[in-house]
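Have the sequence and the 3D view side by side as you read.

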Amino acid sequence: MSMQSEPMVEQQLRARGIANERVLEAMEHVPRHEFVPGPWRELAYEDRPLPIGYDQTISQPYIVAFMTEVVDPQPNQRILEIGAGSGYQTAVLAELAGEVYSVELLPQLAERAKKTLTALGYRNVHVRQGDGYLGWKEKGPFDSIVVTCGSADVPEALIEQLKPGGVMIIPVGTVGGEQMLQLFVKQLDGAVEMRNQMPVRFVPLRRAEDVFPN
Ligand code: SAH
């Protein structure tokens with residue numbers, strides 16, 4: 001069982017067309033096994049998503065790389081992620097961007113992601129518990145937004161918190177089924193353009209009031 005990221009990068013990412021060297025380097029650098037809980041750790045570099053507890057999953061490495069490559073984060077940029085989960089995608093973005101802001105609905109996962117990222121020395125990540133459907137207005141606007149849970153619709157707040165010239169990647173479609181990974185590009189004049197990327201299957205984006213009813 002390989003616990004190294006290099007074969008993952010070569011066989012799962014480069015071989016499938018991920019070509020951005022900065023992205024490949026980031027994926028090689030981040031210790032994915034640190035984000036995978038106990039029993040699943042030895043499978044951390046396999047070509048698959050894995051459970052991270054609370055019915056949630058860490059995405060397949062290829063999907064993380066694909067979304068990162070589409071967004072192409074730059075050192076001077078601020079990125080918003082919705083669904084910190086394990087914090088793995090957060091870390092990959094933090095390798096490449098200036099500051100990464102991540103909203104996670106489940107308090108237990110938000111806490112764990114914070115701990116993992118701090119322990120690994122990431123100083124440019126900011127994780128908070130909250131409903132990411134609403135974004136993180138006080139910290140916006142963002143150069144790009146990465147949504148790592150499947151949404152039934154496109155959250156208006158996220159489009160609003162995107163800078164002109166910014167991009168958002170988001171799985172949109174049926175909850176619990178297949179979604180289309182969609183890229184939204186906000187033009188300098190504010191008009192928004194959408195491009196379908198590929199079919200994917202993410203855990204659902206849920207709303208705070210459904211998960212924590214009063
Ligand atoms: N990027 C994560 C993937 C986690 S799975 C990783 O690399 O591990 C998607 C995450 O989205 C889950 O942790 C889930 O709790 C979270 N989520 C679901 N609905 C949400 C919402 N409305 N706001 C923020 N996070 C949400």
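This is a predicted model: local features need pLDDT of at least 70, side-chain atom pairs count only at pLDDT 80 or more; totals for chains, interfaces and linings use all residues.

The ligand is surrounded by 26 residues, and the closest are Ser86, Glu104, Asp131, Gly132 and Arg206. Residues are numbered from 1 along each chain as its sequence is written, and side-chain values use heavy atoms, with hydrogens and water left out.

What is the shell around the ligand made of? Its residues divide into 13 nonpolar, nine polar and four charged. Here Ala, Val, Leu, Ile, Met, Phe, Trp, Tyr, Cys and Pro count as nonpolar, Asp, Glu, Lys and Arg as charged, and the others, Gly among them, as polar.

| Residue | Ligand atom | Distance |
|---|---|---|
| Glu104, polar side-chain atom | oxygen | 2.6 Å |
| Asp131, polar side-chain atom | nitrogen | 2.9 Å |
| Thr148, polar side-chain atom | nitrogen | 3.1 Å |

On its own, the ligand has 580 Å² of accessible area, and the protein covers 99% of it. Such areas come from the Shrake-Rupley method with a 1.4 Å probe.

The ligand sits in the largest pocket. A pocket is an open set of points on a 1 Å grid over the protein atoms alone, where a 1.4 Å probe fits, with protein on both sides within 12 Å along at least five of seven lines. To sit there, a molecule needs more than half of its atoms within 2 Å of the grid points.

Which elements give two or more residues to the shell? They are strand 2 (56-58), strand 3 (78-82), helix 4 (88-96) and strand 4 (99-104). Strand 2 provides the largest share, three residues. Helices (H or I, at least four residues) and strands (E, at least two) are DSSP runs, numbered from the N terminus.

Tyr54 is not a glycine, yet its phi is positive, about 55°. Asp55 is not a glycine either, and its phi is about 65°. Are these residues buried or exposed? Tyr54 is partly exposed, at 43% relative accessibility. Asp55 is exposed, with a relative accessible area of 74%. Buried means under 20%, exposed over 50%, and partly exposed in between (1.4 Å probe, protein chains only).

Now look at helix 3 (residues 61-71). Nine of its 11 residues are buried. Among them are Tyr62, Ile63, Phe66 and Met67. Asp72 follows the helix, with a positive phi near 50°.

Other loops are worth a look. Ala84 lies between strand 3 and helix 4. Ala84 is buried, with a relative accessible area of 4%. Ala19 lies between helix 1 (5-13) and helix 2 (21-29). Ala19 is exposed, at 54%.

Finally, find Pro141 in the loop between strand 5 (125-129) and strand 6 (142-147). The peptide bond from Gly140 to Pro141 is cis, with omega near -5°.

Definitions and conventions: A residue is near a molecule or strand if one of its heavy atoms lies within 4 Å of it. A polar contact is a pair of N or O atoms within 3.5 Å; within protein, one must be able to donate a hydrogen and the other to accept it, and residues adjacent in sequence count only if both atoms are side-chain atoms. On a 1 Å grid over the protein atoms alone, a cavity is a set of points where a 1.4 Å probe fits but cannot get out, and a pocket is an open set with protein on both sides within 12 Å along at least five of seven lines; lining residues have an atom within 4 Å of a point.
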